[in-house]
Amino acid sequence: MRRLDEIMNFNEEFVLNKEYLKYTKIRKDNKKIVIVSCMDTRLTELLPKALNIKDGDAKFIKNAGASVIHPFGNTIRSIVIAIYEFDIDEVYIIAHHDCGMSNLDSSKTLEKGYSKGIDKNEVKKIIDSGFDLEKWLKGFNSVNESVVSTVKSIKNHPLIPRDIKVYGLIIDPTNGKLELVYDDL
């Protein structure tokens, strides 16, 4: 059975048994914060628990490395919308130790793409059009530096109001301990 079929079958039972009721509540952002975190699955349950975040307390944005690599990409877009449409007043960038984006080699990632059938000529077209594919796929050497760089990208963005607080943290995915690396005093 395909994973999709398993998911659809489970979902049918989930709805039929009204298991959704325990998750249905008024949408309210009690803590008025947005959290940008890594998509690492170790953080799915650990991060909210380690921060005492409950359903309705915060907006979560997840991406590879908890980073902003483009000033007008989806992460910044989501933060801007959270600020203006949901009255968010604090942004938390929370990366983690032992991140898969640490020292990620973009050329090796491209090689994996080629082995899965990505056309090298199409990649060449992307590069020839002026897009820096190497930078787009590149990881980072230091989690701390990546967090600070992401915080500064947000703080200096022309669509982010100056009174929005932006903090940078790193979580240990083995025990949930937080380390503050950028405090927006």
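Analyst: Glu-111 is partly exposed, at 46% relative accessibility (buried is under 20% relative accessible area, exposed is over 50%, partly exposed lies in between; 1.4 Å probe, protein chains only). Glu-111 sits in helix H4, residues 106-115 (helices are DSSP runs of H or I with at least four residues, strands are runs of E with at least two, both numbered from the N terminus). Lys-152 comes 41 residues away along the chain from Glu-111, and their C-alpha atoms are 32 Å apart.

This is a predicted model, in which local features need pLDDT of at least 70 and side-chain atom pairs count only at pLDDT 80 or more, while totals for chains, interfaces and linings use all residues. Numbering starts from 1 along each chain as its sequence is written, and side-chain values use heavy atoms, without hydrogens and water.

Now the charges overall. The protein carries 28 positive and 28 negative side chains (Lys and Arg are positive, Asp and Glu negative; His and the chain ends are not counted). The centres of the two sets lie 1 Å apart (a charge is placed at NZ of Lys, CZ of Arg, CG of Asp or CD of Glu). Side chains of opposite charge can pair when their charged atoms come close. Here there are 6 salt bridges (a side-chain nitrogen of Lys or Arg within 4 Å of a carboxyl oxygen of Asp or Glu).

Take Asp-5 and Arg-2. Their side chains form a salt bridge, 3.1 Å from N to O. Arg-2 is exposed, with a relative accessible area of 51%. Asp-5 is partly exposed, at 28%.

Helix H5 holds another pair. Asp-128 and Lys-124 both lie in this helix, residues 120-128. They are 4 residues apart, about one turn of the helix. Their closest N and O atoms are 2.7 Å apart, in a salt bridge. Asp-128 counts as exposed at 55% relative accessibility. Lys-124 is partly exposed, at 46%.

The next pair links separate stretches of the chain. Lys-155 and Asp-184 meet in a salt bridge of 2.8 Å, N to O. Lys-155 belongs to helix H7 (residues 143-155) and Asp-184 to the segment after strand S5 (178-182), so this pair ties together parts 29 residues apart in sequence. Lys-155 counts as buried, at 18% relative accessibility. Asp-184 is also buried, with a relative accessible area of 9%. Elsewhere, salt bridges that share partners join Asp-40, Arg-42 and Asp-98 into one network.

Now the surroundings. The protein has 7 helices and 5 strands. Their order along the sequence is α-β-α-β-α-β-α-α-α-α-β-β. The C-alpha trace spans about 55 × 50 × 35 Å along its principal axes. Of the 185 residues, 35% count as buried. Among contacts between residues at least 6 apart in sequence, 71% join residues at least 24 apart (a contact means heavy atoms within 4.5 Å).

Trp-136, in helix H6 (residues 133-137), is partly exposed at 49% relative accessibility.
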